[in-house]
Amino acid sequence: MGLEQGLTGSFMATLKSLLICGAAALALNAGYGSLASAQQSAGVSEPAPQIITSVQVEGNQRIETATVLAYVAIQPGEAFSSERIDIALKTLFATGFFANVEFEQRGQTLVVKVAENPTVNQVLFEGNSAVTKDKLEKEVQIRPRSWFTQNRVQADIRRMQEVYRRSGKFAATIVPKIKVLPSNRVDLIFEITEGRTTGIRKVNFIGNQAFSDSRLKSVVVTQESEWWRFFSSKDNYDPDKLEYDREQLRKFYLNEGHYDFRVKSAVAELTPDQKDFFVTYAVEEGPKFTFGDITVNTKNSKLSGDVLRAFVPIRSGEMFQRDLVEKAIESITFAAGSAGYAFVDVRPRETADRDNKKVNIVFDVDEGPRVYVERIDIIGNTATLDQVIRRELRLAEGDAFNRVLIDRSKNRVKALGFFKEVEIEEKPGSLPDRTVVEVKVEEQATGELAFSVGYASQEAYNFAVSISQRNLRGRGQFLRFRVETSSRTKNIDIRFTEPRFLGRNLAAGIDVFSIEQDYLREAGFLTQSTGFGLRGGFPLAEDRSLGLRYTFRNDTNEIPSVSCFNADGTPILGASALCRSLGKTTTSLAGYSFNWDRRDDPRRPTRGFDLSISQDLAGVGTGVKYHRTELNGGVYRGLFPGWRASATLSAGYIAGYGGDTIRVNDRFFKGGQSFRGFEIAGIGPRTVFSVRDPDTTQPNGLSQKVRTIYGDALGGKAYGIASFELTVPTPLPESYGITAALFVDVGTLGGLDPVDKVKGDINYGTYQNTRDGLALRASAGLSVNWVSPFGPVRFDFSNPFLKEEYDKAETFRFSTATNF
C-alpha cells in the first residue's frame, strides 16, 4: 500500500469530525439541543485509532538506522497520526542528508523509505581568471565529503555571483555540472563564463557649488574607466562602493564646515550600449558652520571639566570639522586615562544654531572607578619571545592603569622594528576595578638582504650587499654580516648587539671589521682599515639615552696615481694635497652619543622631534689626535591625511690637536644619499689644475689659452646640511605601496687645514690650486618610494640648482633592499 492508502483511515476520521462540528454548529444556531444530538443527527461514529507496533527504515546506505529513527521520533505503541508523520517528513528533509523520503503503512508497521543525497568528492572551478580559485573556495559552502543538494549549489552560485559583481563583472554566468561517481559520489564542477568587466563611463555630481566635480571625484572611491587604470578595480561598477562613497562625501563635507550636508541620492544607470554605467551623486551642501561654545561636563570631582577642556583641540569660531570632534574625544579619553580612569565614556552633544551658523558642543564625561592592570596578554608574536615585548612595556601587572604609559609602551614596541602592526587594547578584568591589557602584534621580516645601486652623471655606479638579522632567535639581538663590494668599497663587517646585557637595561655590542675603500675616482686615494669596536648604551629617561663606544683600528692610505717623493726620498715640491695623508696610522678613539627622541611614531612620525649629538676623541693612549662632533636632528609634522612635512639638520666638525692635522680618510665627504643631487663626494674642497698646452708658435712654448681640470675631492673639516621634505599622496591605489615626497636639500662642506691647501707648478705649463670654501649648495627634486614584492625601492630625481663649478652633480639615484 502507498502512503495514500496508509493515511485513508486518518483522513476519514478527520472528515467525520468536520461533519460532526458542522452539524453541531447548525444545531446550536437553530436552538436544537446539545452536541450529542448533533452527532446523532449526523449518524457518524468515531473509529478506534490504529496503533504502530514497529518502525522500519529502508534505503539508507551510509546513515545509521538509529540516526534516521532519531529524526523520525515516532515510537512503537503510538497511534498513526498524519500530523506526526508530516513533522517527521520535514525534519528528515531539513537534515540535508536525503534526496527523497516516503512513509508507508504496512499493517501496523510504519516503513520509512529514504534515498540518500550523494556526497561530494571534489569541487572544481573552470573558466575563472579574474577571480582566483582561493577566493571562490572561501565563498563556496559545499566542501569535499559533504552532502550534495541542489539548494546548497544554488546558494553557492549566488555567493560567487556576488563576488563577480563586486569585481565589476555583472555578466558573469555560473553553471553547475555534476559528474556521477561510484558509491553515490559526485564531482561538482562550476563552469564559469566571466564576461567583460562593467566599467564607469562617467561620474557626475549635481548640486555641488562649493567644490568642483574634479575635487569631489578625488574624494569618492568610484573612478571613471581609463586605459591607464588596468591595475585598479576602482573603475569597476560595484553597488557597495556607492554606499561607501556616500559616507566619504559626508565625511569630506563635514570636515569642510558643511554641517547640514547630505547626499540626496546615488544612482547608477546603464549606458545605452550596456557596457558601462553612468554614476550620479545628487548632493545638498548647505551653508558652512563654525564651532560655537565648547563645554566639558564631568560628574567626578577628581576630573575637572575645565582641566579636560584644555585638552580639547577645538576653538570657538573655527570652521566646523567632524574630525576635530573625534580628536577631542580621543584627547579627553587620553587625559582621563592619564589620571587612572580607563573606561571613561565621552559623549558629544551637538546643538546647531542655524541662525548664527554655529555648532555648540557639550562633551559629557562619565567615568568609572580607578582601574588596575590585572593581566597583560601578548598575542601574535610567533617569532619574538614574550620577554622581549614585556621589557618595553611601561606597565606591569598590578600597576594603576595609565593611558600615557600605554601609548609610550606602544611606541616602544613599534620602535623595535620587529612588528608590522602593534595594537594595545584594554578589556574588562575579573572585577570592576581590574583591566586586562592585550598587546596584539603582527610579526614582520626582521632579516634583511640589502643591496643598493646608484647611477651618477659620469657613468659611475655602486653596488653593496649585506645580510642582517635584527631579531636573532626572537631575543631582540642584532647580528649583521656584511660583505660589501662596489666600485669603491670592499668591506667585511661583523656586528653583534645584545639589547639587555646581563639582564639589565643596558645594551652592549662588539664590531669586527676590515674595510677597503676606493676613492680613486672621487678623491684619488685608497684606504684600508682593520680593527674592532666596543659599544654600550643605557636610557637616561623615557625618551633619552646615552651610548658609549671605543674603537681601535689600523689605517693604511695609498695614492697610486701621483708621485709624492723624489728618487732620493725627498718630498716633491707642489705634490698632491693628498700626499700628507700617505702611509700607515693607528687610531684609538673613545666617544659618546646622546639621543633624544620625541616622535609620535618611529617609522612615520607626524609630530615631535628627534635629536642626536655625538663626540669622539682620538688619541686615547696612542695614534692620531683629533676631536670630532656631529649633530643630527629633525622636526616632523602631519598636515593633512597623506601629507607629512619634515625638516632635518645634520652638521659636523673635526679638528686635530697636539700638532696633528686631519688626514683625508678622517675628513667628511658628502653627496649621494647624504646630499641628493650630487655624487658621492660631489661637493666640498677640490684640487683644480690650470693647464696651458704646448704651443711652439708662442715665445715661451705654451699656449695662451688656459684649460681648467677639476681633480680629486679633498673632503672637509666642517659640514652642515638641511633637508626639507613634504610627503604627498599619489593618485595610485594605496595597495601599490607607492609614496612620493618633494624635497629641498641645502648645505655646505669645507674647511681644510692650511697645510693641505697645496698650490704651485707641478710641471711646466700645469699649475695646481686648491678650491675651498663654505659656499652653499642646494638641490630640489622628487623621491619615489615603492614597497615592491622584493623589498623597498627608492628613486631620487634631483636638480642641483645651486652649486660650485667644481662640484659633481647627480640627477638620478636608485636604491633598494630585500627583507627575508
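Buried means under 20% relative accessible area, exposed means over 50%, and partly exposed lies in between (1.4 Å probe, protein chains only).

**Ground rules.** I am working with a predicted model, where local features need pLDDT of at least 70, side-chain atom pairs count only at pLDDT 80 or more, and totals for chains, interfaces and linings use all residues. I number residues from 1 along each chain as its sequence is written, and side-chain values use heavy atoms, with hydrogens and water left out.

**Salt bridges overall.** I searched for salt bridges (a side-chain nitrogen of Lys or Arg within 4 Å of a carboxyl oxygen of Asp or Glu). The whole structure gave 44 of them.

**R347 and D366.** I found these side chains joined in a salt bridge, 2.2 Å from N to O. R347 sits in strand 11 (residues 345–353) and D366 in strand 12 (residues 358–366), so I noted distant parts of the chain being linked, 19 residues apart. Strands (E, at least two residues) are DSSP runs, numbered from the N terminus. R347 counts as partly exposed because its relative accessibility is 41%. D366, at 22%, is also partly exposed.

**K440 and E438.** Next I looked up this salt bridge, which is 3.5 Å from N to O. K440 is partly exposed at 32% relative accessibility. E438 has 9%, so it counts as buried.

**D807 and R777.** Here the closest N and O atoms of the salt bridge are 2.8 Å apart. D807 lies in the loop between strand 34 (791–802) and strand 35 (812–819), while R777 is in strand 33 (residues 777–788), so the pair ties together parts 30 residues apart in sequence. I logged both D807 and R777 as buried.

**A network.** Last, I saw salt bridges linking E58, E104, R106 and K113 in a network.

Terms used: Helix = DSSP H or I, 4+ residues; strand = E, 2+ residues; numbered from the N terminus.
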